[in-house]
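Here is a briefing on the structure shown below. Please keep the model open while reading.

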Amino acid sequence: MKKFICLAIALVLALGAMAGCASKAPASTGPKVIKVGIVNNPPSESGYREANVKDFESVFTAANGYEVQTYYSLKNDEQLNAAKQFITGKVDYLLISAAATDGWDSVLQDAKNAGIKVFLFDRMLNTSADLYEAAVVSDMAKEGETAVSWLKAQNLGTYKVIHIQGAMGSDAQIGRTGALDAEFASGAMTKITQQTATWDEATAKQIVEAVINSGEDFNVIYAENDGMAKGAVSALDEAGITHGVGKDVVVMGFDCNRWALRELLAGNWNYDGQCSPFQAKVISDMIKSLESGGSIAQKKVISEEKGFDATTITQADIDTYGLGE
Amino acid sequence: MPKTLRRPSVSLSHLIVPLLALLVIVIFNVIHDPSFFSVSLVVNNSGNTVLSGNLVSILNGASELAILAMGMTIVTAASGGQDISVGAGAAIAGSVFVKVIKSGNSSLGLILFAFLACCLAIMLFGAFNGALVAIFKIQPMIATLILFTAGRSIAYWVNGGATPTVSGDLLGYLGGFFPGMPVPTPVFIVIATGALFALALKFTNLRLYVQAVGINSTSSRLNGINTTWIKLLSFIILAACVAIAGVIRVCRLGLINHETILLDIEMDAILAVAIGGNALSGGKFSLAGSVIGAYVIQALTTTLYALKVPSNAVKSYKAIVIIALVAVGSPVIKKLLVKARDSFLLKRKAAGGAS
Amino acid sequence: MPGEIALSMKGVSKSFPGVRALQNVDFSLRSGEIHALMGENGAGKSTLIKVLTGVYSGDSGEIKLGGKSVIIKSPQGAQEIGISTVYQEITLCPNLTVAENIYIGRGKKAFVNWRWMEKGAASILERFQIPVKATQQLAKCSIAVQQMVAIARAVDMDCKVLILDEPTSSLDEQEVLKLFGLMRDLKSRGVGIIFVTHFLDQVYEVCDRITVLRNGELVGEYEIKDLPRVELVSKMMGKELDEISQIASPGEKKFEGEPVYEALGLSSASGVKPFDFFIKKGEVNGFTGLLGSGRSESVRAIFGADKIIGGKVKINGKEAKISSPIQAMKQGIGYLPEDRKSDGIIDDLSVRDNIIVALQVMKGFFRPFSKSEAERFADTYIEALGIKTASKNTPIKSLSGGNQQKVILARWLLTNPQYLILDEPTRGIDVGTKLEIQKIVLKLAADGVCVTFISSEIEEMLRTCSRLIVMRDRNVAGELLGSELTQDHIMRTIAGEVK
């Protein structure tokens, strides 16, 4: 009995390890190989992360002169351990997208002492600025501001907003909620309902259904990711409420999934905010400049993020900026 | 033999608590907003005339939960434990379904084939869970922890992409409304699943075997029941329910997000079983109770949405109501109620005797 | 020798909804006496004890302890004023050690002094000569030892009144003697003991007085020397009993033809050594031996209940494979297990389901009986065996022990077996039901069914069996028939004096 429990636990751990870690074989060709250790979240986390991982895989290649080791985990302590191992393994550069913003000081100090240069990508860390070379990150609050200022520019007269939030407390939720909350507070927009669907499509649908059933009037759906926007739209469809360009309800989403951008192109949705997962190129350029004796101009680089409008989006935009399929 | 007086039935019927709960929610809503349960006909965006209203939302929204609760009831009854991997399992089932659909043109034949394929796949996982429980005697919650942990990663691996989408009229019909049919299709799927269970209980010994194994496994074996097989079977039955629930969820939206599809549904399913008056330690069971339990949970959720309870408080409100429900259904409280009723009856009897 | 009245109960009544369990019952116990409380199932013995120990509160009546009126609200309350109980079903914690079981729930302190506790336990065990270490886990002890630990625990709590509810039903002869020694020891120290048992011999061996209950009412209180056995039985049953004498020993009988069941070198993983065995049409035989001698393990091997590791089986001369209960059932073998509660009844299921389950399993998963068929089966056997139950839909757990046993018997009779194994069918049940079961066994044999009958009461086996297989140390020690079937001879075979 106990034996089997042990076996079961061992199996769980083994499966977890298999899911969590995937290391690249070292490349031995080329004149000077730059050793890079990447600590990231697993691609299965989201469409965003999948694109992010693909971006790094396509830039940090042997052909570009890199020897890459990557560790994926959603857990901060596992990420910390992996970072320590990379330091012991004497990588030249350490690239980190942390699961949590705290607890990294000592590891970064170790890296600094070992002469390893650290880059943060995607997310900021709560640490002293001299412990890393540069940070290439998204500004979620700015994403929200871009979206809200787009919405204000639509001149709808009245704004009655259904606000569907992501998992409470996540970076993306806090950032994308902020700007809209400010509008609610100032009275420029009316909050019909504000509830979390924890990124779940079906929950978003139920939230919108509840509003429709109550008979309350609304003309904007502000969903903090594409999936939830899709759920909300299916509730509108079932109730026979029109949505999209020139229709009753304005639909807004985030993340720029390719399928979501196609909805924009078809005029079914109105707006999709980008959350750029493409940081690899910027970091690679910085590393190349350091290697050739240059320096880094900017300590904090905010990824340029667009907001797409259904009336102006093109197929080329979808091909360039769309994530996934 | 002691002298017998008139003998009232000793146990409170097991359906009273969930029905009462449902009634309380209904009454609350009717008082709070008399139009809460009004149902109207609307023309939806694909030109169908369909029913719309909170009642429809509740019936429709609880479909996956109701189906899973039925399967969970059987597993609970037979094994005396619960399967916590149903959400992760639904992610796998949905992913396999999507994978097969994407290989073709979503015709009826392909949809059926895709459903069978995902059924088969998830039944294999169910059999794995069942084998750990029945053969290796691991506690169900620990055994299913494996799939609970790994399931969503496996689902990701099936399609190799984060939120693959599928489209097709027929798929839309399955997750929404068939043309000319004002009632959502998932509601019919629940009815069909319920009917299948009813038939299985009528034309096989499923109920007797499952209850016997759940109550006393040793004794059941000595009466010739293959207890290992029955436990295994219960997990396979649940797996079929998981496949159905997963497919409904995929059809509703035309995409699968393996990280969020039916997230935490296992807790709701277990709760539905408990609210339905079933002992989580196994034995006698009532499918009807669990199904009512599922609708109670959904009615509660819909009510909270309608009340616009703030995001971060929804779960706390839910928890309070659930604690109240489970407490009322607990054996201790039931015993107290029975005792109160008995002493009342005795007193009345005594008073009647005196007069 | 009889001391003053230690405990008296006057006019105690207790009703449950629909049932009057006790009606105006008086009972008294002197200090330094052993007092038997007798009665059939449903007579009100357990209710009386539960009222006395505070499990139930009586509807009316008065309890006096040492001359003072007391109100007992809970078992803990009873313990505090010196009334301790050892129940038939052992209510200790099987996964704790012996020492922990002796001391659990007694102190009010938050911390435990383990060394002191183990030392204390060891001295108690030595005082009562219980052959077990204080640090052993209770579940690993024999039932007999567990029982004695329970008594030791009760006695150590300075009780004035000790209630022993069927303490001997799982003990073998030696252990019973040891227990009696213990009881006499306690008696000489002035403890009053209420002794509930179904074994008449034991009553006459240790008791001073007898109180008889029937149908919740007091029949009478007697000095032991004034009440011969036959009268006691007739008072308990409420009718004159020639019936006991009607059950005559089957005596010497010849059984012809092929054995219905035959085993050669059968052995099982539970530890029974390879043995040969056969039984012929219409024969009743028995396995006997001390507890743990392998008598139950042997019949379990026959039924395929444990893992079979060797041997051949023939049914009616043809070789057959029996490695699981269902295979045995398909060969027409039925098995009533020794431990009714954990192996026999399916406690939450109705009487009806408990009756039909074996036949239903034989018929198959996909061929359930219709409701009317199932009810007809249940009705037939409830009537035929006189099972006392509120209805056929009552959960079996709410029936008395004897009636539960009848339901299990009905379950196997319904399968119409050619060979029926009854392991301790009469354990812990009342005299009337015991006799009924013995009569059923003889009737079955007369109808051509073969029966293997196991009982701790040798007298019972002598009345029913024409051949006895004696087990010792998991081996067959001998086979007795005809004139060898005397109590004395059996004892000596068990003890290993006869080869």
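The model is predicted. Chain B has 15 helices and two strands. Its helix α9 is mostly covered.

**Overall form of chain B**
- The radius of gyration of chain B is 22 Å. A compact globule of 355 residues would come near 20 Å, so the value for chain B agrees with that form.
- Along the principal axes, the C-alpha atoms of chain B fill a box of roughly 80 × 55 × 40 Å.
- Of the 355 residues in chain B, 54% are buried.
- Consider the contacts in chain B between residues at least 6 apart in sequence: 76% of them join residues at least 24 apart.

**Chain pairs**
- Two pairs of chains touch, and the pair of chains A and B has the most contacts.
- Chains A and C do not touch. The nearest C-alpha atoms of these two chains are 16 Å apart.

**Helix α9 of chain B**
- Helix α9 of chain B spans residues 206-215. Nine of its ten residues are buried.
- The buried residues of α9(B) are L206(B), L208(B), Y209(B), V210(B), Q211(B), A212(B), V213(B), G214(B) and I215(B).
- Within chain B, these buried residues pack against α3 (63-79), α8 (185-203), α10 (217-222) and α11 (227-253).
- The buried residues of α9(B) also pack against α13 (351-363) of chain C.

Terms used:
Residues numbered from 1 in each chain as written. Chains lettered and ligands numbered in written order. Predicted model: local features only at pLDDT ≥ 70, side-chain atom pairs only at ≥ 80, totals over all residues. Helix = DSSP H or I, 4+ residues; strand = E, 2+ residues; numbered from the N terminus. Rg over C-alpha atoms; globule rule 2.2 N^0.38 Å. Buried ≥ 20, exposed ≤ 12 C-beta atoms within 10 Å, placed from the backbone. Contact = placed C-beta atoms within 7 Å.
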